[in-house]
Amino acid sequence: MHKSLLMLKGCRNLFWRFLPFTARVCARRSLITRSSASLLYHPPSTHSQSFLTSRQTSVLQHSTVRFSFTRSLCHSGHCSGLMELKEVLQVLEQLAPLSLAESWDNVGLLVEPSKPRPTKTILLTNDLTEAVMEEAENMNCDLLISYHPPLFRPVKRLVQKDWKQRLAIRAVEAGIAVFSPHTSWDSVKGGVNDWLVGGLGSGRVSVLNQAIADASHNHKLEFMVRSTEELNSILEEVKACDSGTTLHYSVNRSDSCGIHVSVTCSDSALTPSVQTLLKHTGTSQSLRILKLEKPPLLGHGQGRFSVLDNPVTIATAIQKIKSHLGLSHIRLALGVGKTPESSVWTVAVCAGSGASVLNGVKADLYLTGEMSHHEVLDAVAKGTSVILTDHSNSERGFLSVFRERLAVRLPETVTVVVSAHDRDPLEVV
């Protein structure tokens with residue numbers, strides 16, 4: 001038995017020795033993806049009809065993630081180790097879908113070079129400033145991922161007098177792509193807010209503002225037909241009303257009254273679909289229109305609330321947060337009736353400017369980057385203590401976490417670096 005194991009081990013060593021290097025990279029990365037699949041975003045189920053069992057659906061989702069990632073590394077059946085920009089963007093989408101971003105946000109690819117080139121160097125920054133752009137130029141950066149979108153409001157001209165427009169011009173001239181994830185990183189499970197609340201220790205964590213699935217079919221039409229022939233005819237007519245999306249229908253049951261049918265459709269197809277069904281006497285008399293609620297994306301959304309497994313004092317919470325964020329100073333407002341030795345059992349957090357998310361949440365402690373003077377006064381009057389770190393200090397530390405998650409999903413020809421010149425514009429002096 002021992003001799004057989006030695007022979008097997010020797011064969012395996014020979015296999016890896018003679019396997020081409022680039023193929024080894026693909027195989028190793030594929031294995032890493034399998035072991036860390038839980039870090040990838042998995043889309044939720046929708047209202048669409050499905051004939052797969054729950055076990056088959058689970059297997060299909062995990063297989064899809066692995067296949068998609070492997071394909072991005074070994075594009076067109078070979079593994080050159082070089083990645084195109086669009087392939088990197090696919091990996092970024094897997095880690096944090098842009099659909100999770102807030103509707104007001106400006107996320108995604110903001111600057112795209114006219115001449116495609118392999119992505120070899122990626123620079124991560126919280127804010128794109130003049131110093132960070134110079135850093136990117138000096139390292140011949142191919143893709144700059146700026147957490148905050150450097151282009152946010154509509155731009156009518158590109159001129160040198162505006163510093164943000166000047167940075168966009170420099171990126172174009174240097175052939176540097178610029179991508180911003182912003183609130184998609186905040187919302188995704190395991191993202192910025194989960195990282196931030198984790199600094200206070202383990203606990204039962206929930207989402208403050210639940211993200212909702214972007215379902216394409218928002219209405220259900222229920223009706224009856226007399227025969228299979230009539231059903232097929234009506235379905236063909238309804239399909240023509242919703243050509244942009246896939247028609248989903250189910251035959252619920254068949255009895256002496258006819259065949260019970262339900263069809264889901266989009267907002268744009270609702271009116272023409274109803275008009276089509278009303279043309280038929282049988283369906284018009286039995287027609288019911290139901291509004292479908294979009295399903296919640298469990299674990300995804302803005303802000304986090306944690307019931308700590310091990311409560312801490314406010315003084316201990318301050319030290320934990322300083323250590324977690326690498327800060328020497330933070331700002332504290334004690335809630336009415338609280339002292340530094342008061343216990344913290346519950347904490348609500350929101351990275352950045354979190355007042356709109358934290359407002360009205362009952363907790364012992366609020367943790368965010370910034371709040372206005374009067375927002376702090378309101379929280380304190382209700383007995384909630386507030387810790388402010390300054391805006392980007394509540395976010396920047398996540399860049400190192402994300403660098404690790406991104407690097408293991410890219411070939412070794414791609415270098416991912418966290419900016420050395422990115423910093424909060426405010427400091428205690």
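Which residue just after α6 takes a positive phi? I looked it up in the model, which is a predicted one. Gly 175 does, with a phi of about 70°.

**Helix α6**

I then went through the helix itself. α6 covers residues 163-174, twelve in number. From first C-alpha to last I read a reach of 16 Å, close to the 16 Å expected at 1.5 Å a residue. At the N-terminal end I found Asp 162 as the cap, with a side-chain oxygen 3.0 Å from the backbone nitrogen of Lys 164. Buried in α6 are Gln 165, Leu 167, Ala 168, Ile 169 and Ala 171. I checked what covers these buried residues and noted β1 (108-111), α5 (130-138) and β4 (177-180) among the elements.

**Largest pocket**

I took its volume as about 650 Å³. The lining has 34 residues, and those closest to the pocket centre are His 148, His 182, Ser 353, His 391 and Glu 395. α6 turns up again here: along with α7 (183-187), β12 (343-353), α13 (355-358) and β13 (365-370), it supplies at least two residues of the lining. β12 gives the most, with four. By class I have eleven nonpolar, 13 polar and ten charged residues in the lining.

**Glu 87**

Is Glu 87 buried or exposed? I count Glu 87 as buried, because its relative accessible area is 3% and the cut-off is under 20%. Glu 87 sits in helix α4, residues 85-95. I also looked at its separation from Thr 119: 32 residues in sequence, and 9.2 Å in space from C-alpha to C-alpha.

Conventions:
Residues are numbered from 1 along each chain as its sequence is written. This is a predicted model: local features need pLDDT of at least 70, side-chain atom pairs count only at pLDDT 80 or more; totals for chains, interfaces and linings use all residues. Side-chain values use heavy atoms; hydrogens and water are left out. The expected span of a helix is 1.5 Å times one less than its number of residues. Buried means under 20% relative accessible area, exposed over 50%, partly exposed in between (1.4 Å probe, protein chains only). Contact means heavy atoms within 4.5 Å. A polar contact is a pair of N or O atoms within 3.5 Å; within protein, one must be able to donate a hydrogen and the other to accept it, and residues adjacent in sequence count only if both atoms are side-chain atoms. On a 1 Å grid over the protein atoms alone, a cavity is a set of points where a 1.4 Å probe fits but cannot get out, and a pocket is an open set with protein on both sides within 12 Å along at least five of seven lines; lining residues have an atom within 4 Å of a point. Grid points are joined across faces, edges and corners, and a volume is the space filled by probe spheres set on the points. Ala, Val, Leu, Ile, Met, Phe, Trp, Tyr, Cys and Pro count as nonpolar, Asp, Glu, Lys and Arg as charged, and the others, Gly among them, as polar.
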